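Dear colleague,

Here is the structure for your files. My notes on it follow below.

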Amino acid sequence: MTHEAPRREGTGARRRRKGEQLMVPRAEFRSYYGRPVIKAPSWAARDIAGYFFLGGLAGAGSVLAAGAQLTGRTTVATAMKVSSLAAVSLSAAALINDLGRPDRFAHMLRVLKPTSPMSVGSWLLGGYGPAAGAAALCAVTGRLPRTGAVATAAAAALGPAVATYTAVLAADTAVPAWHGAHRELPYLFAASATAAAAGMALVVAPSRESAPARCAAVLAAVADTTAVRAAERRLGMVAETYREGRAGRLLRAAEVLVVGGAVTAALGGRYRSAAVAGGLALLAGSACTRFGVFAAGIASAEDPAYTVLPQRAAQGPPPSP
C-alpha cells in the first residue's frame with residue numbers, strides 16, 4: 001500500500017494566486033515553566049543605579065576640579081572638590097546599603113583580583129575616597145596647600161576610572177542589554193559622568209568661571225547621544241529594552257534633558273539663571289541615563305526572548321505579514 005504525499009494545493013495556493021504572501025508564524029520564545037533563563041541581578045535600582053550615577057559625578061567632578069585649579073578658577077575648583085567628596089560618600093553608602101552589611105565592603109578589600117571588576121572597583125573607591133576627601137578638606141580650610149595639590153592630582157588621576165568602571169562591572173555580567181553593549185557602555189558612562197559634573201559646575205560656579213563647564217556640557221551631550229545610538233545598533237533586537245517600558249521612558253527623558261541642558265548652557269550660560277537651569281537639566285539627564293541603562297538590563301534578563309536564543313538579536317525582526 002502506497003502513501004501519497006499530501007497535496008500542497010489548497011487555501012495557501014489560492015491565497016498565493018490572490019497575491020497574498022505566506023509567512024511562518026512568529027516564534028514564541030519560552031523557557032522551562034516560563035522562568036527566566038538567567039537570574040536577573042538582585043541589585044536594588046535605587047542603590048545600584050544611584051551608585052552608578054554618584055560615582056560618575058564624583059569621578060568626573062574631580063577632573064573638572066583639577067582643571068579649574070590649574071586655570072585659577074578657585075571658586076569652582078573648591079565647589080567641585082566638595083561635590084565630589086559628597087558624591088563618593090553617598091555612592092559608597094548606596095553600595096554598602098545594597099550589600100546589606102558594611103563589613104562586606106571591607107571583605108572585598110582583603111584581596112585584589114585584577115580580573116574582577118568588583119574587586120578593582122572596590123580598591124578604586126578605597127584609594128579615590130581619601131584623595132577626594134583630602135583635596136576637599138585642604139581647599140575648604142586653606143591649609144596644607146601642597147598636600148591639597150597632591151590630593152587633587154590623585155583624585156583627578158583616579159576620577160575617570162571611578163566614573164566608568166561601573167560600566168565594565170555591568171558588562172561583565174550575562175545580562176544581554178549590558179553584556180551586548182560592552183564596547184559602548186564605558187563611553188556612555190564617561191559621557192554621562194561628564195554631563196553630571198558639568199551640570200554641577202554650572203550650578204555652583206559663578207558665571208565668570210563657567211566657560212569650561214559649558215564646553216564640557218556640549219561635548220558630553222554629543223558623546224552621550226552617539227554612544228546610545230551605537231549601543232542600540234550593536235544590540236540588534238535586544239535594543240528593544242532600551243526603547244520600551246521604563247527604560248525607554250528614562251532614556252528618552254535623558255536625551256531631552258542632556259541635550260536641552262547643554263543648549264541652554266551654551267547659549268545662555270553667561271546668565272546665572274540659565275546656567276543653573278541648564279546645570280540642573282544635565283544632572284537630571286545623567287541620572288536618567290544611569291537609571292535607564294539599569295532598567296534595560298533588568299528587563300533583558302527577565303525576558304526569555306533575549307536569552308533562550310541569543311542569535312535572535314543578530315537575525316533581526318521576523319518577517320512582517
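The side chains of R46 and D47 form a salt bridge at 3.7 Å, N to O; the term stands for a side-chain nitrogen of Lys or Arg within 4 Å of a carboxyl oxygen of Asp or Glu. R46 is exposed at 64% relative accessibility, whereas D47 is buried at 7% (buried is under 20% relative accessible area, exposed over 50%, partly exposed in between, with a 1.4 Å probe and protein chains only).

This is a predicted model, in which local features need pLDDT of at least 70 and side-chain atom pairs count only at pLDDT 80 or more, while totals for chains, interfaces and linings use all residues. Residues are numbered from 1 along each chain as its sequence is written, and side-chain values use heavy atoms, with hydrogens and water left out.

The whole structure has four salt bridges. One of them joins E184 and R234 at 2.7 Å, N to O. This pair links distant parts of the chain, 50 residues apart: E184 is in the loop between α7 (176-179) and α8 (185-204), and R234 is in helix α9. E184 is buried, with a relative accessible area of 10%, and R234 is partly exposed at 38%. Another salt bridge pairs E255 with R229 at 2.9 Å, N to O. Here helix α11 supplies E255 and helix α9 supplies R229, 26 residues apart. Both count as partly exposed, E255 at 29% and R229 at 34%.

As for the fold, the chain has 13 helices and zero strands (DSSP runs numbered from the N terminus: helices are H or I of at least four residues, strands E of at least two). Of its 321 residues, 45% are buried.

Just after α9, G236 has a positive phi of about 65°.

There is one cavity of 30 Å³ or more, and the largest cavity has a volume of about 40 Å³. A cavity is a set of points on a 1 Å grid over the protein atoms alone where a 1.4 Å probe fits but cannot get out; lining residues have an atom within 4 Å of a point. Grid points are joined across faces, edges and corners, and the volume is the space filled by probe spheres set on the points. The lining of the largest cavity consists of S62, A65, K81, S84, A132, A135, T152 and A155. Helices α2 (45-70), α3 (74-99), α5 (117-141) and α6 (145-171) each give two or more residues to that lining.

Regards

Definitions and conventions
On a 1 Å grid over the protein atoms alone, a cavity is a set of points where a 1.4 Å probe fits but cannot get out, and a pocket is an open set with protein on both sides within 12 Å along at least five of seven lines; lining residues have an atom within 4 Å of a point.
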